[in-house]
Amino acid sequence: YWCNYFRSSFPKVTVYSVPNPIIADQYKNTNTRTETSSRFVITSLFRLVKEKGVYEMLTVIKSMCSQFENVEFVIIGGGPMLNDVYQALETDIKRGNVRVLGFVDDTTKIKEICACDVYMMLTHFDLMPISIMEAMSASKPVLTTRVGGIPEMVEDGLNGFLFEVGETEEVVTKLNILIKQRDVGKAMGKKGREKVDT
């Protein structure tokens with residue numbers, strides 16, 4: 001879609017289509033979650049800067065941790081706001097509701113994405129985040145914002161949920177649904193994997 005758009009709108013500009021930058025099969029059949037697990041894990045993976053929705057993420061985490069004892073948030077990524085995230089979530093980290101991993105290697109990243117129930121990224125702007133493709137490859141439902149090329153990847157209500165930037169209350173509402181109806185998230189994750197495979 002985007003290649004056609006730019007080629008037709010800017011005929012003097014050369015546009016290259018880059019193949020999928022991830023190896024989707026690394027995420028296939030690697031789900032380490034067990035049916036008996038009582039924890040509901042929400043993973044986020046991005047550079048920790050304001051524009052990637054760090055404050056929105058913190059708001060959602062605080063709200064969810066105040067409502068549920070069995071949630072666990074996993075935050076992966078480095079960046080200038082890493083210490084701010086540690087400080088803001090200090091109590092939730094001590095309670096075991098949050099793990100802040102910082103920058104990790106590929107093996108750890110794949111393991112953490114495959115072990116979660118939901119992938120969340122509340123970015124203010126983006127093109128087509130690789131981390132969303134990785135989550136879809138791992139059959140995870142995606143909660144993200146309706147910016148850039150993301151709506152080309154995530155179809156609201158089908159393989160995840162889309163939100164306007166700053167719409168944290170609605171994110172919390174959808175997470176509540178996914179916690180209480182886990183089959184909904186599994187069905188969404190399956191649709192996401194199907195989209196990656198097509």
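Visitor: What volume does the largest cavity have?
Guide: The model is predicted, and a search of the whole structure finds 1 cavity of 30 Å³ or more. The volume of the largest cavity is about 40 Å³.

Visitor: How do the residues lining the largest cavity divide into nonpolar, polar and charged?
Guide: The lining consists of E56, L122, T145, F163, E164, V165, G166, E167, T168 and V171. Glycine counts as polar in this division, and G166 is one of the lining residues. The division is therefore 4 nonpolar, 3 polar and 3 charged.

Visitor: In what order do the strands of the open sheet stand?
Guide: The open sheet has 6 strands, and their pairing is parallel. Strand 3 (98-102) and strand 6 (160-163) stand at the edges, each with a single partner strand, so one side of each is left without a neighbour in the sheet. From one strand to the next, the twist averages 20 degrees. The order of the strands is 3-2-1-4-5-6.

Visitor: Which residue in strand 5 is the bridge partner of M120?
Guide: Strand 4 (residues 118-121) and strand 5 run parallel and are joined by 3 bridges. For M120, the bridge partner in strand 5 is L143.

Visitor: What angle does the direction of helix 2 make with that of strand 2?
Guide: Helix 2 (residues 54-67) packs on the sheet, where it touches strand 1 (40-45), strand 2 (71-76), strand 3 and strand 4. Its direction makes an angle with that of strand 2 of about 160 degrees.

Visitor: Which residues of strand 2 point the other way from V71, F73 and I75?
Guide: In a regular strand the side chains alternate between the two faces of the sheet. Strand 2 is mostly covered, with 6 of its 6 residues buried. V71, F73 and I75 point one way, and the buried residues that point the other way are E72, V74 and I76.

Visitor: Which residue in strand 2 is the bridge partner of T43?
Guide: Strand 1 and strand 2 run parallel, and 6 bridges join them. The partner of T43 in strand 2 is V74.

Visitor: Against which elements do the buried residues of helix 6 pack?
Guide: Helix 6 is mostly covered, since 7 of its 8 residues are buried. Those buried are S131, I132, M133, E134, A135, M136 and S137. Helix 6 lies across strand 1, strand 4 and strand 5, running at about 170 degrees to strand 4. The buried residues pack against strand 1, helix 5 (106-114), strand 4, strand 5, helix 7 (150-153) and helix 9 (182-197).

Visitor: Is S139 buried, partly exposed or exposed?
Guide: Buried means under 20% relative accessible area and exposed means over 50%, with partly exposed in between. The relative accessibility of S139 is 31%, so S139 counts as partly exposed.

Visitor: How far apart are the C-alpha atoms of E169 and V60?
Guide: E169 is found in helix 8 (residues 168-180). The relative accessible area of E169 is 69%, so this residue is exposed. E169 and V60 are 109 residues apart along the chain, and their C-alpha atoms are separated by 7.6 Å.

Notes. Residues numbered from 1 in each chain as written. Predicted model: local features only at pLDDT ≥ 70, side-chain atom pairs only at ≥ 80, totals over all residues. Heavy atoms only, no water. Buried < 20%, exposed > 50% of the residue type's maximum accessible area, 1.4 Å probe, protein only. 1 Å grid on protein atoms, 1.4 Å probe; cavity = no way out; pocket = protein on both sides within 12 Å on 5 of 7 lines; lining within 4 Å. Points joined across faces, edges and corners; volume = space filled by probe spheres on them. Pairing = 2+ DSSP bridges. Helix = DSSP H or I, 4+ residues; strand = E, 2+ residues; numbered from the N terminus. Axes fitted to C-alpha atoms, helices over the stretch in contact; angles between N-to-C directions. Contact = heavy atoms within 4.5 Å.
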